[in-house]
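Please look over the structure shown here with its charged side chains in mind.

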Amino acid sequence: MTQLNNQMKLRAVVVASAMAFGLSSMSAQAAVTDWGYSTDLRFTGPTTFSASNSNLDSNTTSTYELSWGNANGNFQTPTGNSSLNRSALTIGSFASNPETLTTPTNSSTGSPATSAQQGHPVTVSADAVFTGNEIGRGTSFTHWNNVLDGNFSTLTASTFVDTITLFPNVNPNGTYNPSPAVSGPTLTFNFQFRETPNGGNANGLCADGSNPGSWTNGCPDLLGYTGVNVINNAFSYLGDTYYAHILQLKADGSVDQIGIGNLSNGECTYLGLANGCFGFRTLEGAKTTERFGFAITQTTISVPEPGSLALLGLGLFGLGALRRRNNA
C-alpha cells in the first residue's frame, strides 16, 4: 500500500511538473518576439534665444525645426558671409531610406520614424548584444552649424520629447495594424545649447580644456541635459514586462553606444549644468547628425560608467601582463 501511495505521489509530481512546464512554455510562447514601432521626436516649448542686435534677425520655433540668424538665409545652403547665414536644429528620420535630416510638412518621410520605413520590425534581444533586426532605427537631429554674425541671436535652451509607440501585431516588412498600440517610454529632454567662441575662452581654450586648433574650425558648440534615464525603460503587454533602451547609432546603422555619452565637467559648467551631464558636441561650419535607435529586452541591462570601463581596461591589461610573465 505504501509503495502504491508513493507511486501515485510520484505520478502526481510528474503530472504537476509537466503542467507547470507546459504553462511556462505557453507563457514563453506568448511573449512578443518582434515589435512594430513608431518613434516621434518633437521640439516643445518653451524655447529661448539670446539677445539680438540685428534688424535682420529671425527665430523659427516649430515641431521639427529650431532655426536662427538672417531671416532671408537658408541653413541648408550657407554662404561665406556670416551676416547672411542661418543655423538650425532639425529632426529627421534615420529609418527612412534614404534617411531624412528634416521633416517636411505633410510628408511621409521624417519624424515619426517607423518600422515600416525601416522595412522590418525590431526583434527582442535575448542577450543585450544589439545587432541586425534587434536595432530599431529611429529619429535623428541635425545641427546645421553655420558661421553667424555676432549680432544675431542664438538658441540657448529648449525641450525635445521622444515618444515610442509599439505594436505587437507586426508584419515581416514592419507594417502594423494600429490596434492594439502599447505605450513605450516617453522621454523629455530639457536641454541647454551654446554656440561657443571658436577661438576659445580668455585663456584660449575650449570648454573642455582642449586647444581650439584640435577641432575643425575651432571649439565645438554644445548641447547638454541632465536627469533623463535612457536605458531600462519598462513597459508591459499581456503580463510580460519588456525594457526599451535608447541607442546612439553610427551612419551604417550599427551601435555607437548604448545610452548617450557624458560631456566633460568643464563643458557641463559652460552649459550651466551639473557635472556628469549628457550631451553632444557639434563642429563649427558643418552639419552634425546624431542618429538614435532603440532596442528591447525582457531583462534589464547594465551599462558601465566610463570610469568603470577604464578600470576594466586596466584590469584586463594587468591580467595580460601577468599571463605573459607566467608564460615566460
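**Salt bridges in the model**

Arg291 is buried, with a relative accessible area of 16%; buried means under 20% relative accessible area, exposed over 50%, and partly exposed in between (1.4 Å probe, protein chains only). This is a predicted model, in which local features need pLDDT of at least 70 and side-chain atom pairs count only at pLDDT 80 or more, while totals for chains, interfaces and linings use all residues. Residues are numbered from 1 along each chain as its sequence is written, and side-chain values use heavy atoms, with hydrogens and water left out.

Side chains of opposite charge can pair when their charged atoms come close. A salt bridge here is a side-chain nitrogen of Lys or Arg within 4 Å of a carboxyl oxygen of Asp or Glu. By this rule there are three salt bridges.

Arg291 has Glu99 as its salt-bridge partner, with the closest N and O atoms 3.0 Å apart. The two are 192 residues apart and link distant parts of the chain: Arg291 is in strand E15 (residues 286–297), and Glu99 is in the loop between strand E4 (86–93) and strand E5 (113–114). Helices (H or I, at least four residues) and strands (E, at least two) are DSSP runs, numbered from the N terminus. Glu99 counts as partly exposed, at 28% relative accessibility.

A salt bridge also joins Glu267 and Arg281, whose closest N and O atoms are 2.8 Å apart. Because Glu267 lies in helix H3 (residues 265–271) and Arg281 in strand E14 (residues 278–282), the pair ties together parts that are 14 residues apart in sequence. Glu267 is buried at 2% relative accessibility, whereas Arg281 is partly exposed at 32%.

Asp40 and Arg42 also meet through their side chains in a salt bridge (2.6 Å, N to O). Asp40 counts as buried at 15% relative accessibility, and Arg42 as partly exposed at 38%.
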